[in-house]
Amino acid sequence: MPDDIDELQRKVEEAAAKIETPQDLQRFKEEFLSRKRGIIPGLFKKIPTLPPQERSSFGKRINELRELAESLFKKAEERLKGNLWRERLRKAIPDPTLPGYFKPLGSVHPISEVSHTIEEIFLRMGYDIEDGPEVEMEYFNFDALNIPPHHPARQEQDTFFVGGGYLLRTHTSPVQIRAMRKRKPPIRIIVPGRVYRRDEADPTHTPMFYQIEGLVVDRGISFAHLKATLETFLKALFGEETGVRFRPSYFPFTEPSAEVDISCPVCGGKDPNCSVCGGAGWIEILGAGMVHPEVLRAGGIDPEEYSGFAFGLGVDRISMLKRGLTDIRNHYWNRMDFLEQMK
Ligand SMILES: [Zn+2]
């Protein structure tokens, strides 16, 4: 019997040394220490079957074995707990050599950036910024601006009609009427905003784009005021050396009307093969004129007492010119590689 006990002790020690997981630990307990099926408690049951003179020493021996097994069990348990904590710590402590998390920093969209630049120039000249609805009444978009139903300008500004006398505004000009009805002269406003046309998208057209409208109404406003204002604005935007020229034109809502050109900001008129001005040296940049008396009347203002000027420009076109872009659609593709370059 003592040989068997020695053999069993070796088994206990070997099994304890092999404990790696909580499952191993549990198995060890069941095999050697479980009250019901464990080998060591089973040995105690043999004591009454032994000759009386052997019982005491046998009992002592298996008691020692049980204490050994229990202490090995406790040690293995502690060891596993330690491993667990080390594992948890390893996961919890950040590794300072790892690369950090990068959150890309956003930037102002090129269209917004150009809009803000233009707004700031006019704010410095004492203008207010006015706003109006993009779903506009047909009346404000056309009729009130001296564009009656038969007028060919309606064809040129074909748009999205939403029914009930409403449409997606084709220009920011309806805000002229809204502002005149809301404010009393003197009026000095600019109106930045989205406008819509039923155009196929191509390098120079998109069905939605941005305009900035300007309107000044007061006593004694003349074409000279318009000219000086736009020259000041365009030189502030494109540089002091920029040439500005007015060409007679026609718009239903202004009389007289003008198209305004600037000297080519790329070649200055010196390159006959310039891709921006085509060698002409001038680029059309905006439309302007003295507010038509009918438009003043539609705004509730007496054209005998007041006069005014108005102008409108495309923000996309100015963004393209300032950035050397050849495709207006770049503004709306939301391509990160493009937007990154525009920062
Ligand atoms: Zn040029």
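How do the residues of the lining of the largest pocket divide into nonpolar, polar and charged? In this predicted model, local features need pLDDT of at least 70 and side-chain atom pairs count only at pLDDT 80 or more, whereas totals for chains, interfaces and linings use all residues. Residues are numbered from 1 along each chain as its sequence is written, and side-chain values use heavy atoms, with hydrogens and water left out.

The lining comprises 19 nonpolar, 16 polar and eight charged residues; Asp, Glu, Lys and Arg count as charged, Ala, Val, Leu, Ile, Met, Phe, Trp, Tyr, Cys and Pro as nonpolar, and the others, Gly among them, as polar. Of the 43 lining residues, Phe209, Gln211, Glu284, Gly314 and Arg317 lie nearest the centre of the largest pocket.

The zinc ion is coordinated at 2.2 to 2.3 Å by the SG atoms of Cys264, Cys267, Cys274 and Cys277, where donors are N, O and S atoms within 2.8 Å of the metal (3.2 Å for Na, K and Ca). Along the chain these donors follow the spacing C-x2-C-x6-C-x2-C. Cys267 is buried, with a relative accessible area of 13%, and Cys274 is also buried, at 5%; buried denotes under 20% relative accessible area (1.4 Å probe, protein chains only).

Helix H4 covers residues 52–92, helices being DSSP runs (H or I) of at least four residues, numbered from the N terminus. The buried residues of H4 include Phe58, Ile62, Leu65, Ala69, Leu72 and Phe73. An α-helix has 3.6 residues a turn, so residues three or four places apart point the same way.

Definitions and conventions. Buried means under 20% relative accessible area, exposed over 50%, partly exposed in between (1.4 Å probe, protein chains only). On a 1 Å grid over the protein atoms alone, a cavity is a set of points where a 1.4 Å probe fits but cannot get out, and a pocket is an open set with protein on both sides within 12 Å along at least five of seven lines; lining residues have an atom within 4 Å of a point. Helices (H or I, at least four residues) and strands (E, at least two) are DSSP runs, numbered from the N terminus. The expected span of a helix is 1.5 Å times one less than its number of residues.
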